[in-house]
Structures are given as structure tokens and as C-alpha cells.
Amino acid sequence: ALVGLQNIKGEFEKLAAFIKVEQKRKELGGERSLLNNHFVFMGNPGTGKTTVARLLGKVFKTLGVLKKGHVIEVDRSNLVAKFIGQTSAKTNEAIDTAMGGILFIDEAYSLVVEDSKNDFGQQAIQTLLKRMEDDAERFIVIVAGYPSEMDKFINSNPGLSSRFKRQILFEDYSAEELFEIFILMLEKKNLEMTDEAVLKAKSIFVEIYSSRDKNFGNGRTV
């Protein structure tokens with residue numbers, strides 16, 4: 001039911017099919033593969049990253065991959081403490097809350113502070129990587145943020161690049177898709193537009209899309 005996101009819908013259809021085959025193979029006595037279902041969501045604000053993460057929790061629960069399917073949304077402030085020795089405990093607490101579901105780390109690149117060897121963000125990353133190994137398949141991690149920053153984040157640590165094999169790009173919505181989102185919002189409020197208003201709205205979204213920059217809000221702008 002989500003507008004656009006065709007490449008993402010296709011990716012998760014293939015993933016769901018793969019999971020079903022693995023489950024069938026196990027039923028028939030075959031050796032089951034260890035699933036690496038951790039993701040990098042790359043995209044600008046408002047492209048549906050958080051919405052898709054919440055839906056994935058429900059999908060993975062239905063497929064039997066996750067026991068609960070809930071999504072815990074965190075950022076740097078929820079993982080990194082201000083004082084020595086507290087970051088690991090804070091990160092572990094967030095992970096414990098996500099057990100059986102998804103830990104969604106927004107703006108994950110903020111955990112890496114360049115030219116700062118003493119920043120506690122690295123400790124949060126090391127704690128996360130250890131738990132991803134120790135509690136494999138008990139929870140899923142999704143790290144999200146701007147494409148260029150997320151590339152730097154994943155490449156900043158060999159452990160990150162080896163555990164986050166699935167990278168999903170959330171592209172900006174086109175002018176047509178922005179208008180489609182707008183229509184859906186109107187329908188929810190039982191509102192209709194005149195023909196003149198339709199033309200006006202379409203021209204506005206064309207202008208907004210053509211002049212977008214890094215801070216373009218996509219669905220939030222609508």
C-alpha cells in the first residue's frame with residue numbers, strides 16, 4: 001500500500017521467498033543456512049525508512065524469523081553515555097529491549113566521530129557487534145541515514161561491513177509520487193480537490209522536486 005519504493009518491495013519479496021525456502025529445507029532435513037538479516041537503510045529524510053522498518057518487524061514475525069516483531073527506535077543519544085564505562089551498559093540495555101524484534105538505529109553514522117579516538121561511539125559499535133554475534137538470529141539490526149554518510153559508517157569498521165551485507169537504497173520520491181502521497185492524505189480526511197486545485201498541486205510538487213537539495217523532506221514535505 002506504500003507509494004513508490006518498487007525496488008524495496010522487490011528486495012523484500014525475494015528475501016521472504018529465500019526465508020521460506022530455508023525453512024522448507026530445514027523441515028526436509030537439510031542443513032539450514034545462518035541468516036544474516038541485518039540491514040543498512042540509505043536515503044534522505046522522509047523516504048519511508050522508519051515506516052518500512054516497522055512493517056518488516058511484522059513481516060519477519062509472520063515468517064517466523066522474529067518472536068515478537070516489535071521495533072525499538074534509537075539514535076546516538078540512546079546508546080552513548082557521557083561518562084567512561086556507561087556506554088556499554090546503555091547499548092546493551094537498548095539491545096535487550098529489542099530482543100525478538102528489530103533495533104532501528106537512526107542516523108547511525110553519528111556513532112563515528114572522525115579525529116576523535118576517545119569518543120564513546122566506538123564503544124557502542126563494539127558492544128553492538130558483539131551482541132550481533134552472541135545473539136545471532138535473536139534480533140535484527142537496521143542502521144539508517146543519508147547514503148554518503150552511511151557508506152563512510154559501514155567502511156569505518158571491518159566488523160560493520162562483514163555483518164551488514166544487505167544495503168537498501170531509499171530513493172527520493174518523484175513529483176508524481178509526492179502528489180500521490182498528497183491524494184492519499186486527502187482521502188484519509190475525506191477531502192476532495194477541484195480540477196483547478198489538482199493542477200495547482202501538481203505544479204507545486206514539480207517545483208518542489210526540481211529544486212530539492214540534501215535537506216529535502218520527501219514525504220515529510222508533503
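Modeller: Two strands pair if DSSP finds at least two bridges between them. Keep in mind that this is a predicted model.

Biologist: Over how many bridges do β1 and β4 pair, and in which sense?

Modeller: β1 and β4 pair over four bridges, in the parallel sense.

Biologist: What about β3 and β4?

Modeller: That pairing is also read from bridges. β3 and β4 have five, and the sense is parallel. Phe104 stands opposite Ile142 in β4, and Leu103 stands opposite Val141.

Biologist: In what order do the strands of the sheet run?

Modeller: Strands of a sheet pair through backbone hydrogen bonds, either parallel or antiparallel. Here five strands form an open sheet with parallel pairing, in the order β2-β3-β4-β1-β5. β2 (71–74) and β5 are the edge strands; each has a single partner, so one side of each lacks a neighbour in the sheet. From one strand to the next, the twist averages 20°.

Biologist: Which helices pack on the sheet?

Modeller: Helix α4, residues 87–98, packs on the sheet and touches β2 and β3. Its direction makes about 135° with that of β3. Helix α6, residues 147–155, also packs there, touching β1, β4 and β5. The direction of α6 makes about 150° with that of β1.

Biologist: Is β4 enclosed or open to the outside?

Modeller: Count its buried residues. In β4 that is six of six, so the strand is largely enclosed by the rest of the structure. Then check which way they point. Ile140, Ile142 and Ala144 point one way from β4. Val141, Val143 and Gly145 point the other way.

Biologist: Which residues touch the most other members of the largest nonpolar core?

Modeller: A nonpolar core is built from buried residues joined through side-chain atoms. The largest one here has 33 residues. Phe12, Phe39, Phe41, Leu56, Phe60 and Ile142 touch the most other members. Elements giving two or more residues include α1 (6–27), β1 (39–43), α2 (49–62) and β4 (140–145). The most comes from α1, with five residues.

Biologist: What does Phe60 touch?

Modeller: Leave out residues up to four places away in sequence. Phe60 then touches Leu15, Ile19, Phe39, Val65, Leu66 and Ile140.

Biologist: Which residues does the second core include?

Modeller: This separate core has 29 residues, among them Met42, Tyr109, Ile125 and Met150.

How values were computed
Residues numbered from 1 in each chain as written. Predicted model: local features only at pLDDT ≥ 70, side-chain atom pairs only at ≥ 80, totals over all residues. Heavy atoms only, no water. Core = buried A, V, L, I, M, F, W, Y, C linked by side-chain atoms within 4.5 Å. Buried < 20%, exposed > 50% of the residue type's maximum accessible area, 1.4 Å probe, protein only. Contact = heavy atoms within 4.5 Å. Axes fitted to C-alpha atoms, helices over the stretch in contact; angles between N-to-C directions.
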